[in-house]
Amino acid sequence: MVHTRRNTTSTGRVHHGVFSMKSPIHLLIQALKAAVFDGPGVVSSATRRAAAVHAATRHPLGGLGIASPSVEVRDVPRVAHAYVDKVGHAAIRVSDEDFSSVQAELGDDAIFELTVATAVGAGVYRYERVMELLSEEAP
């Protein structure tokens with residue numbers, strides 16, 4: 001069972017203790033982001049961040065679950081654009097062929113790093129958005 005503490009900020013917003021910026025969950029997420037985006041790897045930090053940012057944006061066709069094979073993902077190798085888009089917006093639709101084609105071009109380490117960066121970007125964005133919504137005052 002999760003217990004929460006209600007606190008009000010100087011703006012009068014109600015925040016629950018479990019969701020604070022100093023909560024253990026928040027600190028773990030910050031450590032995860034640092035490891036994934038700033039840690040050593042075969043894919044540059046800028047490329048990993050670009051994949052994460054793409055996953056944290058709304059799809060241009062309007063919603064999750066619609067991955068386009070012609071999508072552009074800035075600062076990500078062209079061969080991985082559609083793959084990163086699918087992982088970030090419709091992971092269930094990633095096929096063996098999608099994975100294999102990127103793996104053949106970039107290698108095992110690169111596809112692993114791109115996959116993790118994209119998934120972390122999508123997950124952290126969704127988590128932060130939910131926390132933002134939960135911290136808003138009810139009308």
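## An aromatic pair and a helix contact

Phe-99 is partly exposed, with a relative accessible area of 32%. The model is a predicted one. Tyr-83 has a relative accessibility of 5%, so this residue counts as buried, since buried means under 20%.

These two residues belong together. A search of the whole structure turns up 1 aromatic pair. The partners are Tyr-83 and Phe-99. A pair of aromatic rings is described by the distance of the centres and the angle of the planes. Here the ring centres lie 6.3 Å apart and the planes meet at 65°, so the pair is edge-to-face. The cut-off for that label is over 60 degrees. The pair links distant parts of the chain, with its partners 16 residues apart.

Now to another pair of helices. How do H1 and H5 run relative to each other? Their axes come within 10 Å and cross at roughly 155°. Angles over 145 degrees count as roughly antiparallel, and H1 and H5 are therefore roughly antiparallel to each other. H1 covers residues 24-38, and H5 covers residues 108-135. The crossing of H1 past H5 is left-handed.

Which residues make the contact? H1 supplies Ile-25, Ile-29, Leu-32, Lys-33, Val-36 and Phe-37. H5 supplies Val-116, Ala-117, Val-120, Gly-121, Val-124, Tyr-127 and Glu-128. By type, the contact of H1 with H5 holds 10 nonpolar residues, 1 polar and 2 charged.

Notes: Residues are numbered from 1 along each chain as its sequence is written. This is a predicted model: local features need pLDDT of at least 70, side-chain atom pairs count only at pLDDT 80 or more; totals for chains, interfaces and linings use all residues. Side-chain values use heavy atoms; hydrogens and water are left out. Axes are lines fitted to C-alpha atoms, for helices over the stretch in contact, and angles run from 0 to 180 degrees between N-to-C directions. Helices (H or I, at least four residues) and strands (E, at least two) are DSSP runs, numbered from the N terminus. Angles under 35 degrees count as roughly parallel, over 145 as roughly antiparallel, 65 to 115 as roughly perpendicular and the rest as oblique. A crossing is left-handed if the near helix is turned anticlockwise from the far one by less than a right angle, and right-handed if clockwise. Contact means heavy atoms within 4.5 Å. Ala, Val, Leu, Ile, Met, Phe, Trp, Tyr, Cys and Pro count as nonpolar, Asp, Glu, Lys and Arg as charged, and the others, Gly among them, as polar. Rings of Phe, Tyr and Trp (its six-membered ring) pair if their centres lie within 6.5 Å; planes under 30 degrees apart count as stacked, over 60 as edge-to-face and the rest as tilted. Buried means under 20% relative accessible area, exposed over 50%, partly exposed in between (1.4 Å probe, protein chains only).
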